Structure formats: structure tokens, C-alpha cells
Amino acid sequence: MSEITVVIANYNYGAYLGEAVESARREGAAVVVVDDGSTEPLPGLPADVELIRQDNQGVARARNAGWGRATTPYVLFLDADDRLVPGALAVLRAPLEADPSLGFAYGRMKFFGDWEGELRFPPYDPYALLYRHTIGLSALVRREVLEDTGGFDPDFTQFEDWELWVNALAHGWRGLQVDAVTVEYRRHSSSKHAQDRRAYREAFRRLRAKHAELYWERDRLAAESSLGSAGRFLHRAYWGPRPVPASVEQSLYRLLWRRKNARTER
């Protein structure tokens, strides 16, 4: 029996869902698909895939419904249009098995679709996490982390995965980035990340308000951070408010990631 459940929330991505499901089944994971009120038909799914249908309630509630059905010690969330790379779950599980104090492990993303290239974020840093969303959705997480935090907060309609990892930090859990590509991220011409700064700043405001004590006591995280005083100031002054318009950032990223095998750290 698998010790990992992959939860895939779907809303009108039936054309890609089969690829996501097969990438998880290939890794030996149990798979739960939550269809969040799609208005388009679903493809046929293998008999060993659990399908939950619900009225459209948003991705946070869909994912929560999925992990609520999981009985495995580890869970990974995968978008319905993305894919796990071969060997991803074994690579992510190894550090969690070696260190029971780790709450989750995640790797790098490789774009496909409208963009090509590999997204390289800096290693996990608890101080940086307060101001910069550098983890993404598809980390392998202990079930205890989800139970402690309650999973995804439905009040966050955007950046809900960032809030989950900050919430995990508030509950004493830390993460680790593994040195491997673990997920293939399908980049559409109009993807969710092409959001205006108003939406980003509202999410960041909500994040600080919900976890006010963590932000107020951020200096205690400095001892765990590799940023240095200048790096911490940069995160507070730039990555928090992000003064550059989203349209400008997106134009720069297109130049970087439309080139095959382009790599960047951001």
C-alpha cells in the first residue's frame, strides 16, 4: 500500500487531467481527484483513482476535501495541468524519512507549454518565506502538518499555497528544498501567476494579519537565515511590497523562460 497520496484539484482542466493522474500513478501513489464543479466533461479515470465531485467552492476547499480522504502519512498536491517527473516522490520522501523534524520537502519546477526552462529558487529560508513565495504547491508534506494547520485557508483565493507554508512555519514546521526537478509546470499564455499587484498586495496583507505574531517576532528567525542583514532588508523592502508592476515582471520572465533550457534565480 502506498504511503503517499497525490491530491489533484480540477476545474475545467479535463484535457490535461489524465497526464497529471498518470504521472502520480506511475510513482506508485494513491490518487484522489477532486472535481470542483467543472462545467466541462472529465476524461475516464482508472478504477484505482478516487474521484470526489463537489459544487464549485474554490481550489482551497477542493484540496482540503482531497487530503481529508487521505489515510497516508504523506500528501502531495498537484495541479490538474501539471505533471510529476519520474522518481519525484522517492527523491522528496528521502529527506523526510531521514529527519522526522522536517515538515515538507520540495524540488525545482520545469516549465513546459508556452514557456520552457527551469525555475531555480534559493534554498528554504524561514525568514525569506515571510516575504517571498519560493516554494510552490507541489511539496511532499507530512499529514501532521496539514492537521496542525488545517490545510489551505479558503480566505486566500490566491497565493493559498504560500499561506500554507507560512502557517506551517508558525506551527514550528520547517521545509527543505531538494536539488532536483520534481514537477513539470504547464505554463499557459494567461496563467494564474500573471496577476496584478493589487491582488498580490492584498494577499500579502492578509498573510501578515493572520500571522501577525510570526511577523512581529521575525528577528528570532534571523538565526536560521542565511540572508544576512542586507538580504533580510531586501526581502522586507522589496519582495514584500514588490513595487515593480506585474506586467513588467511578466515581460522579463517571458524573455528568460521562452528560451529552451533557460535558467534563473529569482
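Predicted model: local features only at pLDDT ≥ 70, side-chain atom pairs only at ≥ 80, totals over all residues.
Local features were considered at pLDDT of at least 70 and side-chain atom pairs at pLDDT 80 or more, whereas totals for chains, interfaces and linings use all residues. Residues are numbered from 1 along each chain as its sequence is written, and side-chain values use heavy atoms, with hydrogens and water left out.

Empty space was examined first. Rolling a probe the size of a water molecule over the atoms shows where empty space is left. On a 1 Å grid over the protein atoms alone, a cavity is a set of points where a 1.4 Å probe fits but cannot get out, and a pocket is an open set with protein on both sides within 12 Å along at least five of seven lines; lining residues have an atom within 4 Å of a point. Grid points are joined across faces, edges and corners, and a volume is the space filled by probe spheres set on the points. One cavity of 30 Å³ or more is present. The largest cavity holds about 50 Å³ of space, and its lining consists of Gly107, Arg108, Met109, Leu119, Phe121, Thr134, Ile135 and Gln177. Strand S6 (residues 102-113) supplies the largest share of this lining, three residues; helices (H or I, at least four residues) and strands (E, at least two) are DSSP runs, numbered from the N terminus. By class, four lining residues are nonpolar, three polar and one charged, where Ala, Val, Leu, Ile, Met, Phe, Trp, Tyr, Cys and Pro count as nonpolar, Asp, Glu, Lys and Arg as charged, and the others, Gly among them, as polar.

The second largest pocket contains about 190 Å³ of space. Its lining includes Pro122, Pro123, Tyr124, Arg132, Thr134, Glu224 and His235, and divides into five nonpolar, three polar and three charged residues.

In soluble globular proteins, nonpolar side chains tend to be buried together. A nonpolar core is here a set of buried Ala, Val, Leu, Ile, Met, Phe, Trp, Tyr and Cys residues joined through side-chain atoms within 4.5 Å; buried means under 20% relative accessible area, exposed over 50%, and partly exposed in between (1.4 Å probe, protein chains only). In the largest such core, of 37 residues, Phe77 and Phe104 touch the most other members. Elements that each supply at least two residues of this core include helix H2 (59-68), strand S4 (74-79) and helix H7 (197-210), while the largest share, six residues, comes from H6. Apart from this core lies another, of 31 residues, among them Ala20, Leu84, Ala105 and Leu140.

Helix H6 (residues 160-170) also contains Glu163, which is buried at a relative accessible area of 0%. The side chain of Glu163 makes a polar contact with the side chain of His211 at 2.8 Å; such a contact is a pair of N or O atoms within 3.5 Å, of which, within protein, one must be able to donate a hydrogen and the other to accept it, and residues adjacent in sequence count only if both atoms are side-chain atoms. Beyond its neighbours within four places in sequence, Glu163 is in contact (heavy atoms within 4.5 Å) with Asp153, Phe156, Leu207, Lys210 and His211.

Backbone geometry was also examined. Most residues other than glycine have a negative phi, and most peptide bonds are trans. Asn12, in the loop between strand S1 (4-10) and helix H1 (14-26), has a positive phi of about 60° and is buried at 18%. Phe159, in the loop between H5 and H6, likewise has a positive phi of about 60° and is buried at 11% relative accessibility.
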